[in-house]
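Visitor: I have a protein model open and I want to learn how to read it. Where do I start?

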Amino acid sequence: MIVDLTAGASTQMGSLQTTRNLSCLCVSVRGGVQGLSTVVRQVGFNSWLLQGRIRSRKIQSLCVRSSFNNAGGSSSSEEKGLLLGAERDDSGSVVGFQLIPHSVTGDATIVESHDIVADDRDDLSEDAEQKEKTPTKLTFNIIFVTAEAAPYSKTGGLGDVCGSLPVALASRGHRVMVVSPRYLNGGPSDEKYANTVDLDVRATIHCFGGPQEVAYYHEYRAGVDWVFVDHPSYRRPGTPYGDIYGAFGDNQFRFTLLCHAACEAPLILPLGGFTYGEKCLFLANDWHAALVPLLLAAKYRPYGVYKDARSIVVIHNIAHQGVEPAATYHNLGLPPEWYGALEWIFPTWARAHALDTGETVNVLKGAVAIADRILTVSQGYSWEITTPEGGYGLHELLSSRKSVLNGITNGIDVSDWNPSTDEHTASHYSINDLSGKVKCKTALQKELGLPIRPDCPLIGFIGRLDYQKGVDIILSAIPELMQDDVQFVMLGSGEKQYEDWMRHTEDLFKDKFRGWVGFNVPVSHRITAGCDILLMPSRFEPCGLNQLYAMRYGTIPVVHSTGGLRDTVKDFNPYAQEGEGEGTGWTFSPLTKEKLLDTLKVAIRTYVEHKSSWEGLMKRGMERDYSWENAAIQYEQVFEWAFIDPPYVR
């Protein structure tokens, strides 16, 4: 096969890391070079991989033929050999390629091309129809910077997103690196890093008054380069953010170190045989990674590095902004003249005492001001953070950047959350055969010691026991709700007052209420599958995942109309579509005990009296697309927008 790549400038290529098998290729490169010595750097075949043209073949070597016009107008060509050595894992799958040029002084230049013309008549004829439906798209070198990434570290939705979205993007042809701390606490969770390998690369980072040395560990899994920054500050018992005594006092230092290390990683880590290079797209997740856009603009671009890179700040929860005293600014490794980008002054009413000037630094504020694009984890949340109620002080700045602000609803792991294969549930079921859901319900009632009553509405709650999740509203509504013929089960941990209340309520309503203090993954699956209704009265919810899990399992969500809950749950209308109905659940507002009870009673009455309507609700929820593939497509659109305008330059 002969492939002709024609371009006018040398740029960074996409990843060659893939588990697909490729054929032997001979690549011819043309250009109007006049005696210019260049070096072969990288070759990318992402466009082909996306088209599925050469999935079943194997690469052994690459032959590069260079040609150029000399000053006299005559042309000449020379064939250069280039061995493309495949790196394979224990199973024999290709995990990367090592480029080994025969000569480092060759005249060939391999350049990036997203439109590759293949001289393969059979493949073109076979894929002609597909080509019309699926146009060639751009591929990117993507760097996720995050404080947590499942399954290595996770405390909530941030870990889920940064553990799943990179895999979805990698499967679509992008080269993806995730940079996160290597948390070691001396416990069983350390085994999650057992397959990581020390890259034997050390970086010296200047921040907090002196040099700090970090190491990099790496695992190539699911098409993604998982990179872990190692430093003594990440080796301690507790969560990524604190322990039983509260938040760690040096979190600003720990995550400043992460941001500096993440900016160095694409330049110095030889992953799959070559570095990611400077033309990258950084996704900075929440305040922990918010220093990245500022470092790109203040530390690198003034010296010509990362001039073609872009950054996107992803806000998962704007309530946490990385605010510290103004005196800590000099620790961040930024030039003094950039102080204004992070300066944050609290209003008088929010200050601790009369002598408090309210002067602080806010790294999330700086990222919002500097980043090329801003994303939130739902469309509703992208609007809420521009309001005084939902912006936590950043609403005016976010409103001024509405033109680059978007929201994309999170996906879920549809293989893990699948009622037809779930290993944690008593029975399997699907949209075509719902009989197993009743078996899951009776098994859950038996497990919890509730009376086994298949026709009794079973309501569930799964989440943290705190003010944000609206547990106080549930507490006030339970006495009246327990007067109805229902059963209620709660799973979660959090504030001690709510944990004690759950235990007390269980004693009061032995045949109707069960509270499980703590969190248990198998139990959460069984509650999701066994309940008829899932209640989520959150005060604010950037995206929310439990309502997505519930609908996937045919469990009807009743939610407060806020953020991602409002985006994902469509109100039931029994009279729509000529009486066939529409909607996947119920939303209510305002968040009061009375409104919650009224909405729950409508749902209960529908369950008891209108079985056909209830089945329609279940099936409409189950047939929706919850995959990360759908979210990844939307992310790709934002990636393209990020490269339309030039990056911020001071």
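Guide: We will go through a few features, one by one.

Guide: Keep in mind that this is a predicted model. The protein chain has 20 helices and 26 strands.

Visitor: How many residues does the protein chain have, and what share counts as buried?

Guide: The chain has 650 residues, and 55% of them count as buried. Now look at contacts between residues at least 6 apart in sequence: 71% of these join residues at least 24 apart.

Visitor: What about β14: is it covered or open?

Guide: Mostly covered. Five of its five residues are buried. Check each face in turn. L281, L283 and N285 are buried on one side, and F282 and A284 are buried on the other.

Visitor: Which strands does β14 join?

Guide: On one hand, four bridges join β14 to β7, and the two run parallel. There, V145 stands opposite A284. On the other, five bridges join β14 to β15, again in parallel. There, L281 stands opposite R310. Now trace β14, α6 and β15 together: they make a right-handed β-α-β unit.

Visitor: Now rings. How many aromatic pairs are there?

Guide: The count comes to 24 aromatic pairs. Take F488 and F513. Their ring centres are 5.9 Å apart and their planes are at 10°, so this pair is stacked. The pair links distant parts of the chain: F488 is in strand β22, F513 is in strand β23, and they are 25 residues apart. Both F488 and F513 are buried.

Visitor: Are W501 and F513 stacked or edge-to-face?

Guide: Read the angle. The planes of W501 and F513 are at 70° and the centres are 5.8 Å apart, so the pair is edge-to-face. W501 sits in helix α13, twelve residues from F513 in strand β23. W501 is buried as well.

Visitor: Which residues form one aromatic cluster with F140?

Guide: Y635, F639 and F643 form that cluster with F140.

Visitor: Which rings have the charged end of an arginine over them?

Guide: Here are two cases. The charged end of R175 sits over the ring of Y276, 3.8 Å from its centre. The charged end of R539 sits over the ring of Y467, 3.6 Å from its centre.

Visitor: Where does D532 lie?

Guide: D532 lies in the loop between α14 and β24. D532 is buried, with a relative accessible area of 7%. Its contacts include K441, C456, T555 and W614. D532 and M618 are 86 residues apart in sequence, yet their C-alpha atoms are 9.4 Å apart in space.

Visitor: Last topic: the backbone. What should I look for?

Guide: Most residues other than glycine have a negative phi, and most peptide bonds are trans. Now look for departures. A cis peptide bond joins A150 and P151, with omega about 5°. P151 is in the loop between β7 and α4. The bond from S589 to P590 is also cis, with omega near 5°. P590 lies in the loop between β26 and α18.

Visitor: And what is the phi of F208?

Guide: F208 has a positive phi of about 55°, although it is not a glycine. F208 lies in the loop between β9 and β10 and is partly exposed, at 23% relative accessible area. Y392 also has a positive phi, of about 50°. Y392 is in the loop between α9 and α10, and at 40% relative accessibility Y392 counts as partly exposed.

How values were computed
Residues numbered from 1 in each chain as written. Predicted model: local features only at pLDDT ≥ 70, side-chain atom pairs only at ≥ 80, totals over all residues. Heavy atoms only, no water. Phe/Tyr/Trp six-rings, centres within 6.5 Å; stacked < 30°, edge-to-face > 60°. Buried < 20%, exposed > 50% of the residue type's maximum accessible area, 1.4 Å probe, protein only. Lys NZ or Arg CZ within 6 Å of the ring centre and 35° of its normal. Contact = heavy atoms within 4.5 Å. Pairing = 2+ DSSP bridges. Right-handed = clockwise from strand over helix to strand, strands pointing away. Lists of a residue's contacts leave out its neighbours within four places in sequence.
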